[in-house]
Every structure is written in C-alpha cells, then in structure tokens.
Amino acid sequence: MTQTELRTAIVSGASFAGLATAFWLKRLGYRVTIVETAAGVRRGGTPVDIKGETVGILERMGLLDRAWAKRLPPRAFTFRGADNETLGAIDHTAPTDRPHDFEIHRDDLLDLLLDAVDGSVDIIYDRSILRLQEHADHMSATLNDGSRHDATLVFGCDGNRSNTRNLVFGDCDAASYFMGGYFYLKVVRETGLLPPDTSEVFSVPGRTAMLNGYDDRTDICLAFRADSEIAYDYRDRARLRRLVHEHFDGLGWKVPQMLSHVDDEEDFYFDRATQIRMPNWSKGRAALVGDAGYCVSPIAGMGGSMAIIGAARLADALAQHADDHAAAFRAYEDGLRPFVEEVQTRAATEGMAVIFPASAHELAERDRKIAANEIAL
C-alpha cells in the first residue's frame, strides 16, 4: 500500500486546534500522529468562550452535553470608574434549558478533546518538527530527536508563533499584525477582588485593567497601548514585570491590589496584541489551522472557538475532496476566510476601542456608548 493510499497525517500542536483536527482526521480514516513540543498538554490559562457555530460542532463531535455540563455560570460585565462607580453593564444572563453560547474552563475543554482522541491517535510529547520536506505523494518530517516521520499531509496547529508556519512559509514576522498594544494575564487564587461570576473593566486613556471573577480564582488582565512595538526578551520575566509597573504604577481603582500579584513567582502571560494575517493558509501538502494561520487575538474572545471551527471546516473540505488535498485546502480557505477577516477586523477596531481605548476621545466615546446601552460583547 502506498503512502497516499494509507492516508496519514502529522499534526503539530496538542491544543484546541491540534486535538480537534486530529479528531476529525481520524474520523475521516487518517492515521494521525500529533507532535507536541511540551512534555504534556499545556494546562492553565483563562476560560474559553464557546460561541455560535462552535456549539453545533461540539454536538457533531458528541461532546456538547459534556461541555455544557462543565459550563461556567453567566457573568455580568461591568465598566467601572476610578471611584468604582458603575459606568454601565452588560448582563450575559441567558436561558439554561438548552445549549447556547457559554464559557468553560480551558482545562475542561482540553480534557474533553483529549479524551475524544485518546487511544485513537499517537501523541509524541517533548518533540518538535525540525525540518519538513515535500515529496510526490507525501511529506517527511524530521523531529528534533533525529527521527523521521512520513505522512500524506501535515497540519500546523501550533499557535500564533507557529513553528510549522515558519518551516512551510518562512518569514513568520511578516504574517504578524501588531494591533497597537500589550497585555499581561495572570490567574490568582485570591477571590476577594470581586464577586464570582462577574467581570469588571477600568480604563484610562491608553491603559486598561480587567478582572474576571470565579468561585475559586480571579483572572487579572493589565493592558496598555503602544504606538510601535517594544523590544524585549520574552524570557526576561523581570523586564516584563517592570514594563507592567512602568505603565500601571500610580493608577487608582483596584490596580494597586492587582499589581501586588505581579512580582510573585507564579506564572504569567505577557504578549503583544497581534493577529496572524496570511495570504494563504496552505502550501503543497501542509495547511494551518487556528491561531497558526489566522489568530484573531484574545480581544475577539474567539480563539478557542475559531480553532474548533477551523478544524471542522477543514474536515468538511477534506471529506468533500477526499482524493484532492489541493482542492480541499482551497475550499477550506475560501469558505472560512470571510468569517475570519470579519472577526479580525471587528477585534482590531471595535474590540480595541471598547476594551483598550487609546485616547481621551476614544474613552469618552466608549463611555457614551456604554451609558446608551449601545455595546454588546
């Protein structure tokens, strides 16, 4: 049996996009190998919104009831002033008799996806792809341990700093669109900053502090605008902490309590607010799924959902064009790109203006819309 007849796939990355892509490929009859650079599935992080089309996809996967059972309570989203006065609020209370848009802890969704592929795909942890070479009927992947793996197709599902994207397309930085800001995220076990099942946002021109409260934890977000990109080493954690202090020391509201957590040794996430915008999501026998090809940024609140949508749309295209991967990849991109670009545009304009207003004028306009109940998240 030839490599093409066997239909095998290598998936780079074992997060939402990678696990969902592996699930659908296995259902289509592929023998799947996932390569993950970490020693295990990466855990932690903020909860994930399950929105719109994603609800129906989880139902198709047989996972919706289990995901719905793990849903977090609806939350009130409140905009605050310096004296903690309420500027406006968005109530996300919704009927609970049937699955609809909801929020779930990131680890719970990871566990559901991991269980769905458990035993049916091979997962190689603590390895990364070093080289990719395309042949007439397959691709060869050389891993950083020297081993070689051949597959009919290769899928990059390895995030907005995708190694696969760099190997296949080169010039990764050219795909990154800087949205004009930076953000710091941290999960703390303190629950006294605000009540559970609520979110609060405080903004001054160019700086925003946001808290998300849960029964057993609080998510801290501190974000600031920048006219141009800041040079820093992401491994220099002390430098990143100083950047946060430089932008937020001296602010009121609950910012001093939030900053008290910045200097402890617990892990945090700091990054540019960016999107991945590429003219093509595939090349030859390789294609990108989720953040690797079309990161919409955390501002959109659609990262997890977009990964799951992308994997399902890709699978539908492969099912329709089973013997022509090039046609399948074109159909996947043609069908999904308009939606991706709509979400990206909305996040880079309306989303940034609402969550991270850059100027006094933009902040005043946001607050006017909040007071007039003209904003929906």
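**Reading burial, pairing and helix length**

Analyst: In helix H5, the buried residues are Arg106, Leu109, Leu110, Leu112, Leu113 and Val117. The model discussed here is a predicted one.

User: What puts these residues on the same side of H5?

Analyst: Around the helix axis they cover an arc of only 160°, and therefore they lie on the same side of H5.

User: Against which elements do the buried residues of H5 pack?

Analyst: Their packing partners are helix H2 (16–27), strand E3 (48–50), helix H4 (64–69), strand E6 (102–104) and helix H10 (303–320).

User: How do you know that the span of helix H5 agrees with its twelve residues?

Analyst: Helix H5 covers residues 106–117, and at 1.5 Å a residue its twelve residues should span 16 Å. The end C-alpha atoms are 17 Å apart, so the two values agree. Just after H5, Gly119 adopts a positive phi of about 85°.

User: Why is Leu19 called buried?

Analyst: Leu19 has a relative accessible area of 0%. The term buried applies under 20%, so Leu19 qualifies. This residue belongs to helix H2. Apart from neighbours within four places in sequence, Leu19 is in contact with Gly13, Ala14, Ile34, Leu110, Leu113, Leu114 and Val117. Among the buried residues of H5 are Leu110, Leu113 and Val117.

User: What makes Glu200 count as buried?

Analyst: Its relative accessibility is 4%. Since buried means under 20%, Glu200 is placed in that class. Glu200 lies in strand E13, which comprises residues 198–204.

User: What joins the side chains of Glu200 and Arg80?

Analyst: A polar contact of 3.1 Å joins them. The cut-off for such a pair of N or O atoms is within 3.5 Å, so the 3.1 Å value meets it. Leaving out residues up to four places away in sequence, Glu200 touches several others, including Thr78, Asn84, Trp253 and Lys254.

User: What makes the buried residues of H12 line one face of the helix?

Analyst: The buried residues of H12 are Leu363, Arg366 and Ile370. Viewed down the axis of H12, they fall within an arc of 65°, so they line one face. Ala360, His361 and Ala371, on the other side of H12, are exposed. Helix H12 runs over residues 360–371 and reaches 16 Å from its first C-alpha to its last, close to the 16 Å expected at 1.5 Å a residue.

User: How many bridges join strand E12 to strand E16?

Analyst: Seven bridges join E12 (residues 176–188) to E16 (residues 269–276), and the two strands run antiparallel. Pairing requires at least two bridges, so E12 and E16 count as paired. Within this pairing, Tyr182 stands opposite Arg272 in E16. Strand E12 is also joined by eight bridges to strand E15 (residues 218–225), again antiparallel. There, Lys186 has Ile220 of E15 as its bridge partner.

User: Why are strand E8 and strand E10 called edge strands?

Analyst: The open sheet of three strands has the order E8-E9-E10, with antiparallel pairing. Strand E8 (129–134) and strand E10 (148–151) each pair on one side only, and these are the edge strands. Neighbouring strands of this sheet are turned by 20° against each other on average, direction ignored.

User: How do E9 and E10 pair?

Analyst: Strand E9 (residues 139–143) pairs with E10 in the antiparallel sense over four bridges. Thr142 stands opposite Arg148 in E10.

Conventions: Residues are numbered from 1 along each chain as its sequence is written. This is a predicted model: local features need pLDDT of at least 70, side-chain atom pairs count only at pLDDT 80 or more; totals for chains, interfaces and linings use all residues. Side-chain values use heavy atoms; hydrogens and water are left out. Buried means under 20% relative accessible area, exposed over 50%, partly exposed in between (1.4 Å probe, protein chains only). A polar contact is a pair of N or O atoms within 3.5 Å; within protein, one must be able to donate a hydrogen and the other to accept it, and residues adjacent in sequence count only if both atoms are side-chain atoms. Contact means heavy atoms within 4.5 Å. Axes are lines fitted to C-alpha atoms, for helices over the stretch in contact, and angles run from 0 to 180 degrees between N-to-C directions. The expected span of a helix is 1.5 Å times one less than its number of residues. The arc is that of the directions from the helix axis to the C-beta atoms.
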